[in-house]
Amino acid sequence: GAWIGILGGGQLGRMLSVAASRLGYRCHVYEPGAAPAGDVAARLTTAAYDDEAAIRAFAGSVDVVTYEFENVPTSALDLIESLAPIRPGRRALAVSQDRLTEKDFLSSLGLAVAPYAAIDSAADLAAALRGPSILKTRRLGYDGKGQLRLAAGDDPAAAWAQVNAPAVLEGFVDFSAEISVIVARGADGAVAAYDPGLNVHRDGILRTTTVPAKVPGRLIPEAVLLASRIVTALDYVGVMGVELFVTPQGLVVNEIAPRVHNSGHWTQGGCAVDQFEQHIRAVAGLPLGDGRRHADVVMENLIGDDMNRLPELLQAPDTQIHLYGKAEVKPGRKMGHVNRILRGQGA
Ligand code: ATP
Ligand code: MG
Ligand code: MG
């Protein structure tokens, strides 16, 4: 049978490998072992992505390489690509590894993004800071890490000292809701999207995703069309998460993730073909499944001490439990998620 290589052994890689196994594939997972899954900074400081022999052995043993983690260094990607195709492709990675390139790309498609400016110094920040804003490190941020909320009059030098350069400054978007579209594009160019979910964050971390999203109905096809334009423009193959702000002026794109996405975990309980199977289908060159939803679902992340609720959650009806097998519970760490499936609902 064919082999699929997965870069990253966190929960997303784990769920991708389960889906691949179900479709009869075998997987090699490349995970810089010393770094705990989910600790992006630690993963990159390990030498694992510099280990040419290990990468060569990995990429040389598989038919296609995909990833759960978009921050794989370019040098490693170059080596991998000389041995096996990478899906989604390099363009999507290049665009999404850097918040500035990502925003430039989205703007070039005519999509609305938060007002933004490249910040390379305290002086740049002083010049750009005009009102409520968020200073974000351009690379390697996740779960709201590497971000600082600022207001006009805040000390630029002090703020600058707190984020990793280079950065972008984004105007604060006054949104009424956050939604996301999980969209897939197949090797044949076909596009399938799931129903947008409504996302609630706490402390910068996704807390719940609910489908259907209670937003004005016209926004649903708008969100799906916008996501389709993004994947088509990138000649993308795989699943992508597109995070959107709902504003009175319409949809504003927050960010894109060139991989399966936490806000798409509800599909495990709401769709015949979930986002993980969909991604494997795409990267393996199989036809996509449809994105139809057969239930209403509330996905809730189990973060840190939420794990104390496990006994009660195990008793709850219509509740699908996913645990990531992480050895240590830490505050802010995603330990698992649950999908509460509301039967008889859905599209
Ligand atoms: P993720 O874990 O989704 O990758 P991240 O660290 O990349 O997160 P963002 O998605 O950029 O961070 O921001 C995290 C959250 O902060 C957003 O979901 C949103 O709630 C809020 N936020 C980010 N940018 C803005 C903005 N320009 N205006 C208002 N709120 C924002
Ligand atoms: Mg992000
Ligand atoms: Mg985000």
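Helices (H or I, at least four residues) and strands (E, at least two) in this tour are DSSP runs, numbered from the N terminus. Two strands count as paired if DSSP finds at least two bridges between them. The model is predicted: local features need pLDDT of at least 70, side-chain atom pairs count only at pLDDT 80 or more, and totals for chains, interfaces and linings use all residues. Residues are numbered from 1 along each chain as its sequence is written, and chains are lettered from A and ligands numbered from 1 in the order in which they are written.

**Stop 1: the domains**

Colour the protein by domain: domain 1 is 3-86, domain 2 is 115-171 and domain 3 is 177-342. These bounds come from an automatic or database domain assignment. The centres of domain 2 and domain 3, taken over C-alpha atoms, are separated by 28 Å.

**Stop 2: strand 1 and strand 2**

Select strand 1 (3-7) and strand 2 (26-30). They run parallel and are joined by five bridges. Within this pair, I6 stands opposite V29 of strand 2. Four of the five residues of strand 1 are buried, so the strand is largely enclosed by the rest of the structure. Here a residue is buried if 20 or more other C-beta atoms lie within 10 Å of its own, exposed if 12 or fewer, and partly exposed in between, with C-beta atoms placed from the backbone.

**Stop 3**

Next select helix 3, residues 52-59, where I55, F58 and A59 are buried. Seen down the axis of helix 3, these buried residues fall within an arc of 85 degrees, so they line one face of the helix. The arc is that of the directions from the helix axis to the C-beta atoms. Show what this face packs against: strand 1, strand 2, strand 3 (64-67) and helix 4 (74-81). Contact between two residues means that their C-beta atoms, placed from the backbone, lie within 7 Å.

Move on to helix 4, whose buried residues are A76, L77 and I80. They cover an arc of only 100 degrees around the axis, which puts them on the same side of helix 4. T74, S75 and D78 are exposed on the other side. The buried residues of helix 4 pack against helix 3, strand 3 and helix 5 (90-96).

In the loop between helix 4 and helix 5, select P88. The peptide bond joining R87 and P88 is cis, with omega about -10 degrees.

**Stop 4: ligand 1**

Centre the view on ligand 1. Which residues come nearest to ligand 1? Of the 16 around it, they are A114, Y142, D143, E170 and V173. A residue is near a molecule if its C-beta atom, placed from the backbone, lies within 6 Å of it. The shell divides into five nonpolar, five polar and six charged residues. In this count Ala, Val, Leu, Ile, Met, Phe, Trp, Tyr, Cys and Pro are nonpolar, Asp, Glu, Lys and Arg are charged, and the others, Gly among them, are polar. Domain 2 and domain 3 both give residues to the shell, so ligand 1 lies between them.

Then select L140, in the loop between strand 5 (133-137) and strand 6 (147-150). Its phi is near 70 degrees, a positive value in a residue other than glycine. L140 is partly exposed, with 16 other C-beta atoms within 10 Å.

**Stop 5: strands 8, 10 and 11**

Select strand 8 (residues 177-185) and strand 10 (residues 197-202), an antiparallel pair joined by three bridges. S180 has G197 of strand 10 as its bridge partner. Strand 10 also pairs with strand 11 (residues 205-211), in the antiparallel sense and over five bridges. There H201 stands opposite L206 of strand 11. The hairpin of strand 10 and strand 11 has two residues between the strands, and D203 takes a positive phi near 50 degrees.

Follow the chain to P212, in the loop between strand 11 and helix 9 (219-233). A cis peptide bond joins V211 and P212, with omega about 0 degrees. Most residues other than glycine have a negative phi, and most peptide bonds are trans.

**Stop 6**

Select N301 in strand 14 (residues 296-303). Is N301 buried or exposed? With 21 C-beta neighbours inside 10 Å, N301 counts as buried. Leaving out residues up to four places away in sequence, N301 touches L206, R207, N262, K334 and H337.

Finish at D318, in the loop between helix 12 (310-315) and strand 15 (319-323). Phi of D318 is near 55 degrees, a positive value in a residue other than glycine. D318 is exposed, with 12 other C-beta atoms within 10 Å.
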